[in-house]
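Morning, everyone. Please put the model up on the screen, and we'll walk through it piece by piece.

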Amino acid sequence: QVQLVESGGGLVQPGGSLNLSCLAALNQFPAFKMGWYRQAPGKERELVGQIFPSAIVELVDFAKDRWTISRDNKKDTVYLQMHNLKPEDTAVYYCNAQRSASPFRPASQYWGQGTQVTVSS
């Protein structure tokens, strides 16, 4: 059974840091593109960034200068390191795993249950 389990969320003051982790019980984890998304109350879920099997990282504009994404293929884990957090970063943060289709299998996508990040003084 595929499971993505996020951890590391919590309450932090503006300007603070948090490190989120996502443990992915996936067969062939290194082959998956891993992403972080977030959803604030009343808003659509949005992409924060993603890391490809090659370890190339793409971050959206609001995250580029403040956050990093990394992966440890030996631990089947992807990380989101967040610095200089702002109140507008308050959201539920979700881990996502995607793998493209091949001639032998369909495309696949999985989500974690999310972890709450609250930035407030």
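Let's begin at a ring. Arg71 lies over the face of Phe29, at 4.7 Å from the ring centre. The rule here: a charge sits over a ring if NZ of Lys or CZ of Arg is within 6 Å of the ring centre and within 35 degrees of the ring normal.

A word on the source. This is a predicted model, where local features need pLDDT of at least 70, side-chain atom pairs count only at pLDDT 80 or more, and totals for chains, interfaces and linings use all residues. Residues are numbered from 1 along each chain as its sequence is written, and side-chain values use heavy atoms, with hydrogens and water left out.

Now the strand that carries Arg71. Strand 7 covers residues 67-72. Strands are DSSP runs of E, at least two residues, and helices are runs of H or I, at least four; both are numbered from the N terminus. Trp67, Ile69 and Arg71 make up the covered face of strand 7. Thr68, Ser70 and Asp72 are on the uncovered one. In general, side chains in a regular strand alternate between the two faces of the sheet.

Which strand does strand 7 pair with over six bridges? Strand 8, residues 77-82, in the antiparallel sense. Pairing means that DSSP finds at least two bridges between two strands. Asp72 stands opposite Thr77 in strand 8. Strands 7 and 8 form a hairpin, with four residues between them. In that turn, Asp76 has a positive phi of about 55 degrees.

Move across to strand 3, residues 18-25. Its side chains alternate too. Leu18, Leu20, Cys22 and Ala24 point to one face and are buried. Buried is under 20% relative accessible area, exposed is over 50%, and partly exposed is in between, with a 1.4 Å probe and protein chains only.

With strand 8 it pairs in the antiparallel sense, over six bridges. There, the bridge partner of Ser21 is Tyr79. With strand 1, residues 3-7, strand 3 is also antiparallel, over five bridges. Glu6 stands opposite Cys22, and Ser7 stands opposite Ser21.

Four strands form an open sheet in the order 1-3-8-7, with antiparallel pairing. Strands 1 and 7 are the edges; each pairs on one side only. Neighbouring strands of this sheet are turned by 15 degrees against each other on average, direction ignored. For that angle, axes are lines fitted to C-alpha atoms, for helices over the stretch in contact, and angles run from 0 to 180 degrees between N-to-C directions.

How many disulfides does a search of the whole structure find? One. The cut-off is a pair of cysteine sulfur atoms within 2.5 Å. Cys22 is joined to Cys95, S to S 2.1 Å. The pair links distant parts of the chain: Cys22 in strand 3 and Cys95 in strand 9, residues 91-99, are 73 residues apart. The link of Cys22 and Cys95 is left-handed, with -80 degrees about the S-S bond. Cys22 counts as buried because its relative accessibility is 0%. Cys95 is buried as well, because its relative accessible area is 0%.

Next, the aromatic rings. Rings of Phe, Tyr and Trp (its six-membered ring) pair if their centres lie within 6.5 Å; planes under 30 degrees apart are stacked, over 60 edge-to-face, and the rest tilted. The count comes to five aromatic pairs. One of them is Tyr94 with Trp111, edge-to-face, 6.5 Å centre to centre and 85 degrees between the planes. Tyr94 is in strand 9 and Trp111 in strand 10, residues 108-111, 17 residues apart. Tyr94 counts as buried because its relative accessibility is 13%. Trp111 counts as partly exposed because its figure is 35%. Ring pairs link Tyr37, Tyr94 and Trp111 into a cluster.

Last stop, Phe62. Phe62 is found in helix 1, residues 61-64. Is Phe62 buried or partly exposed? Partly exposed, because its relative accessibility is 26%. The charged end of Arg38 sits over the ring of Phe62, 3.8 Å from its centre. Leaving aside neighbours within four places in sequence, Phe62 is in contact (heavy atoms within 4.5 Å) with Arg38, Glu46, Leu47, Val48 and Trp67. That brings us back to strand 7, where Trp67 is on the covered face.
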